[in-house]
Each structure stands twice: as structure tokens, then as C-alpha cells.
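Reader: Please show me how to read the features of this model one at a time, giving the general idea before the particular case.

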Amino acid sequence: MSFYVCIDIGGTAIKYGLAGEDGVLAERGERPALAREEGGEGILRKVIEIVHGYQASYEHVKGIAIDTPGIVDARDGSIVFAANIPDYSGMKLQARVTEACGIPCIVENDVNAAIAGEYWKGAGKGAETLFMITVGTGVGGAFLWNGNVLHGASHAAGEVGFLRLHGEKRIFEDIGSTRALVEQVAVAHHVSPAALDGREVFRMAEDGDEAAIAAIHEFAANLAEGIAQVCCLLNPEVIVLGGGVSEQKKWLKAPLQSNVEEMVVPSMRANTRIEFAELGNDAGMIGALYLLLQRMKETERV
């Protein structure tokens, strides 16, 4: 049986696992990224150590699938820009990992990889056109058409977090991120935003906290406005919500649906459904594997 090393690079942790061609992660691991402390070279070293560890334990490791934050040139797997990891921008990550490990490697942006994962194994399975919005501290996005991620002229297609909404100078992620939600509740309770996170706000709402409930309603309306923009611009079959909000279907599904219905004419939204991501933290690794397998098949055909 052939195996593939799947690696999810984050600013805090590097998650990794070993999978077969079926996309099932047979084992998993995690280690601190120390991204700010050790920078891009530290990330590279850890990735190579992870792969070498699997190569020492398994005979048939055939490839490496990596997803990472930042803008990635998917043609060669180099890091175009990464704001929060020192000395990472400009790194030819794919080429250096391939050279060090001797097997094919693919590197993709984390949201682009996640949408591929949800297309292959999750909430957008089989959809011809699929858009994903990931909501956390910021807002990310990606568009997939017929199984292919659209990257754009500057490798930044789908970045809906930078959309300007309802005539304001603020952008989508300023009002539709969990950071915005947390800040609103923190102000209402006269505490520091550092004392809360998104999960705590929803827990407070479950306990009947009026400020949290009001903030969630406003958050859902703002999030719906971004979704409406996607409906109008791309008219996808499925819009998948990922990130921490994917766990809050109970609170968000109905208000998102009703707000989008008010904002988008029926003929433009009739064939678009809103789904919540199903793969959780594994989406990026599974999607990167999907993209690696596609690339390897294309190479075999040439």
C-alpha cells in the first residue's frame, strides 16, 4: 500500500498524518510550530524531520501534501507572501522539501486546500462549483470549479475577507470575523477581548446572555452580507462555512439563510445552498492530498 505524508502548517502548531490514496488519515501527530521564534527555516526543518520520520518507518511513502498560511504560487509551491512568519515569504518550500526527501511534494494555501478537502470528502462533495468561507480571527475564501482551485492572476482569488461592505471603509473581516464578535461582547461586558474567544461567546449565548445573543445576531447578518456578495458574483452550487463557525450550525444556519434570502433575489440564490464544513482541522491535509494525487495523475499522463 502507498502512503502519503500530509502536513498542516499553522502559526502555533504543525499538524501531520499519514494517509492512503483513500484520504483516510491512519495516524496523526502534532508539534509546536514556533513560527515567530524560528521563522521559515524552522518550519522547513520541522517539515523535513516529519517526512524523514515516516520514511524511516514505512517503505512506501510516495508523496508529501502540505497546506500553509499565506499566498502560495501553486505552480511551484513557493511562498509568495506570509505576514506572520518571519523569513517565510519567498521561500521555495515545495522545491526544498522535494530535494531533501526525494519524493513528489505539493504546497497549497490552507483555505484552498480546505476547499479541496470539503469537495473530496466533506460538505461540498461532488459539487461542480464550490465556494468556501473560513471564519476565525480573519476571514478567508477560496473558489473551486470542476474539482480545480481557481488561483487568480496574483494567486489570491477568493480573498473575500478584503471585500468592502455596505459603503463602509471597513472590510468584511472587520465585521464578519469571530474577532469582531468577541470585541462586541467584550465591550458590552466591560472586559478585555483577550478574556474571551468565539466558543466562549456562543457558550454565553447558550446560558441566555443577552449581549452575546445580540452580538451573534449582528454577526450572522454581517456574515450573510459577505455570503450574498459571493452568491451574486459567482452563483456557486454550494457555499461552505469553515473555521470555528462550522461548529455553530445551531445558532447560525437559520439567520444566515433568512438574511441571504432578503439580500439576494430568488432567481440568483435558488440553486445555491449554504453548508457547514464537515472535516474540521483535517480539511487542509485531506485537500492537500487530493491536490497531490491529481498532480501526480497529470504527471503520469504526460
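Author: Two strands are said to pair if DSSP finds at least two bridges between them, where strands (E, at least two residues) and helices (H or I, at least four) are DSSP runs numbered from the N terminus. What you see is a predicted model, in which local features need pLDDT of at least 70 and side-chain atom pairs count only at pLDDT 80 or more, while totals for chains, interfaces and linings use all residues. Residues are numbered from 1 along each chain as its sequence is written, and side-chain values use heavy atoms, with hydrogens and water left out.

Reader: In what order do the five strands of the open sheet lie?

Author: Strands of a sheet pair through backbone hydrogen bonds, either parallel or antiparallel. Here the order is β10-β9-β8-β11-β12, and the pairing is mixed. The edges are formed by β10 and β12 (273-276), each of which pairs on one side only. Between β11 and β12, which run parallel, there are four bridges, and Val238 stands opposite Arg273 in β12.

Reader: Which strands does β8 pair with, and over how many bridges?

Author: With strand β9 (residues 139-145), β8 pairs in the antiparallel sense over seven bridges, and the two form a hairpin with three residues between them. Within that pairing, Met132 faces Ala142 in β9. With strand β11 (residues 238-243), β8 runs parallel and is joined by six bridges, Phe131 standing opposite Ile239 in β11.

Reader: How many residues of β8 are buried?

Author: Buried means under 20% relative accessible area, exposed means over 50%, and partly exposed is in between, with a 1.4 Å probe and protein chains only. In a regular strand the side chains alternate between the two faces of the sheet. For strand β8 (residues 129-135), seven of the seven residues are buried, so the strand is largely enclosed by the rest of the structure. Thr129, Phe131, Ile133 and Val135 cover one side, and Leu130, Met132 and Thr134 the other, all of them buried.

Reader: How many cavities of 30 Å³ or more does a search of the whole structure find?

Author: Rolling a probe the size of a water molecule over the atoms shows where empty space is left. On a 1 Å grid over the protein atoms alone, a cavity is a set of points where a 1.4 Å probe fits but cannot get out, whereas a pocket is an open set with protein on both sides within 12 Å along at least five of seven lines, and lining residues have an atom within 4 Å of a point. Points are joined across faces, edges and corners, and a volume is the space filled by probe spheres set on them. The search finds one such cavity, and the largest cavity has a volume of about 60 Å³. Among the residues lining this cavity are Gly70, Asn109, Asn112, Gly141, His151 and Glu159.

Reader: Which residues are the closest to the centre of the second largest pocket?

Author: The second largest pocket has a volume of about 240 Å³. Of the 13 residues that line this pocket, Asn148, Leu291, Gln294, Arg295 and Glu298 are the closest to its centre. The elements giving two or more residues to its lining are β7 (105-109), β10 (148-149) and α10 (283-301), with the largest share, five residues, coming from α10.

Reader: Where does His190, with its positive phi, lie?

Author: His190 has a phi of about 55° although it is not a glycine, and this residue lies in the loop between α5 (178-189) and α6 (198-206). His190 is exposed, with a relative accessible area of 74%. Asn235, another residue other than glycine with a positive phi, here near 50°, is found in the loop between α7 (210-234) and β11. Asn235 is partly exposed, at a relative accessible area of 43%.
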